[in-house]
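Open the model in your viewer and keep the sequence panel beside it. The tour goes from one selection to the next and says what is there.

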Amino acid sequence: MSTSASDTSTALFTDHYELTMLGSALSDGTGERDCVFEVFARRLPSGRRYGVVAGTARVLDAIADFRFTEAELEQLRATAVVDAETLDWLSGYRFTGDVDGYPEGELYFPGSPILTVRGSFAECVLLETIALSILNHDSAVASAAARMSGAANGRPIIEMGGRRTHEQAAVAAARAAYLGGFATTSNLEAGRRYGISTRGTVAHAFMLLHDTEEAAFRAQVEKLGADTTLLVDTYDITAGIETAVRVAGPELGAIRIDSGDVGVLARKAREQLDMLGAKDTRIVVSGDLDEHAIAALRAEPVDAYGVGTSVVTGSGAPTAGMVYKLVEVGGRPVAKRSEHKASRGGRKAALRRHKPTGTALEEVVYPTANPPQVGPYDRDLHIPLLRGGQPVPDLPTLEDGRQRLRRALVSLPWEGLKLSSGDPAIPTTFT
């Protein structure tokens, strides 16, 4: 039986070939060459006009925990993944390079240099898989969440997809959805780990547990108060609403509708609630919602949404399609030249140009050795993240990312906010 990885190390959250490359590079001496790796997406997922950067803070945490303890070394030794010399090198591994990138909540477009990793080939190549697995997942979820939040037009959305994905991915997805504009999550671990407000009341199982719908409502109201949210679609919605108001009174906090044509049902529910004197009772809808369904409900009397499957799976785009490519060796630009997967060599940074009104015009990606002239309405996109392997002071917080995303979305041309397929919201220019 092989030794399992330690609880905190991220070193084995990687691909076999990273270590194969490492061993060979250490053997022939190229492993110590100064290199620059870059994370970017060649294109946006189909139907998307922009992407949202998420997961950067988690990448930095993962780099800090990228350590080969005896548990990891024993696993590699037992499976003969690397030789003894490489194992010895790994036993002292610490990333000592520099990382720059787009802060969380920033928008990205095709070719945007989202993350730049500098150091020796040996220490940088090991980070490819962990960096991409985090950034591809979190950015996909945050991008979907931003589209849904925009479609909701200010109405709150609760993330409730924990039962539709891996248990660890659920926590990361809740964080990314919150970054993307969701108001709360149902995931308690995300609440503990990231300080996100959590919400939840009952499922249909609770309703079916009781002999009558009224008994279930009474039990919930007695425990949680009249401001709770009662689930009214277990049997007959019209009867359920009448019972809910009778039990909780007109001060009932909210009702939730989880099935059927929720637009039509919300309209009828609003009329019934008003007739019963519950004019301030909110209507929450859930059940296989995505950004298109939310947009279709914009004119309906819906006060809040619950979204699960679609947000944790990126609403049809479960990965952001980012890649981690070597772009510089010893100060010399290098690039992959294959027809369908070409890359641009050299270390790069980016700025975003705006009109005087604040509307974004273009993303300018440039070689750091030859920066363009910066105009009065241009904004640099890269920030330092790690120096000498250590986090720089005062890194942006999760709340900073939420606010950054709000500002960035306001700056897009209105065409760039459409949910329909089309070109990226702004073009990317390479100098």
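Start in the loop between helix 6 and strand 6 (157–159), and select Asn153, which sits there; helices (H or I, at least four residues) and strands (E, at least two) are DSSP runs, numbered from the N terminus. Asn153 is not a glycine, yet its phi is positive, near 55°. Most residues other than glycine have a negative phi. Asn153 is exposed, with a relative accessible area of 54% (buried means under 20% relative accessible area, exposed over 50%, partly exposed in between, with a 1.4 Å probe and protein chains only).

A note on the source: this is a predicted model, in which local features need pLDDT of at least 70 and side-chain atom pairs count only at pLDDT 80 or more, while totals for chains, interfaces and linings use all residues. Residues are numbered from 1 along each chain as its sequence is written, and side-chain values use heavy atoms, with hydrogens and water left out.

Next, select Asp288, in the loop between strand 10 (282–286) and helix 13 (291–296). Asp288 also has a positive phi, about 55°, without being a glycine. Its relative accessible area is 75%, so Asp288 is exposed.

Now colour the chain by domain: domain 1 is 16–141 + 317–430, and domain 2 is 142–313. These bounds come from an automatic or database domain assignment. Between the C-alpha centres of the two domains the distance is 36 Å.

Select the interface. There, 27 residues of domain 1 are in contact with 26 residues of domain 2, contact meaning heavy atoms within 4.5 Å. The two domains bury about 2,000 Å² between them, 58% of it on carbon and sulfur atoms; buried area is the accessible area (1.4 Å probe) that two parts lose on being put together, summed over both. On the domain 1 side, pick Val141, Leu398 and Leu419: they lose the most area to domain 2, together 36% of what that side buries.

Which side chains form a salt bridge? Show Glu104 and Arg175, which meet at 2.8 Å, N to O. A salt bridge is a side-chain nitrogen of Lys or Arg within 4 Å of a carboxyl oxygen of Asp or Glu, and the rule finds 1 across the interface of domain 1 and domain 2.

Last, show the elements that give two or more residues to the domain 1 side: strand 2 (51–52), helix 2 (56–64), helix 6 (128–152) and helix 15 (398–411). Helix 15 gives the largest share, 6 residues.
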